[in-house]
Amino acid sequence: LKALQRRLLDEILEQIPPHEAAHGFRTGRSVRTFASPHAGRCVVVRMDLKDFFPSVSMAQVAAVVNAEAES
């Protein structure tokens with residue numbers, strides 16, 4: 001399983017550029033760069049997408065893997 005996960009990461013997931021707003025595990029990004037646009041605002045809304053990953057089906061994962069393998 002670990003070898004398969006590494007292969008998926010190396011061959012597929014690392015080829016997909018992260019969204020510009022993403023901060024986690026990105027070089028040059030930190031808590032400070034995440035928080036700075038929000039500093040001094042009157043209202044800041046924070047959300048947690050509860051159970052987000054369980055909502056991703058195996059069919060959705062397979063579609064991404066298959067589409068990448070075909071390209």
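Predicted model: local features only at pLDDT ≥ 70, side-chain atom pairs only at ≥ 80, totals over all residues.
Hi everyone, let's start at Val61, which lies in helix 3 (helices are DSSP runs of H or I with at least four residues, numbered from the N terminus).

Residues are numbered from 1 along each chain as its sequence is written, and side-chain values use heavy atoms, leaving out hydrogens and water.

Now, the pockets. A pocket is an open set of points on a 1 Å grid over the protein atoms alone, where a 1.4 Å probe fits, with protein on both sides within 12 Å along at least five of seven lines; lining residues have an atom within 4 Å of a point.

Which residues lie nearest the centre of the largest pocket? They are Leu13, Phe53, Val56, Val61 and Val64, out of 15 lining residues. Helix 1 (2-11) and helix 3 (58-70) each give two or more residues to that lining. By type, the lining has 13 nonpolar residues, two polar and no charged. Here Ala, Val, Leu, Ile, Met, Phe, Trp, Tyr, Cys and Pro count as nonpolar, Asp, Glu, Lys and Arg as charged, and the others, Gly among them, as polar.

Next comes the second largest pocket, lined by Ala21, Phe34, His38, Val44, Val45, Arg46 and Met47. Five of these are nonpolar, one is polar and one is charged.
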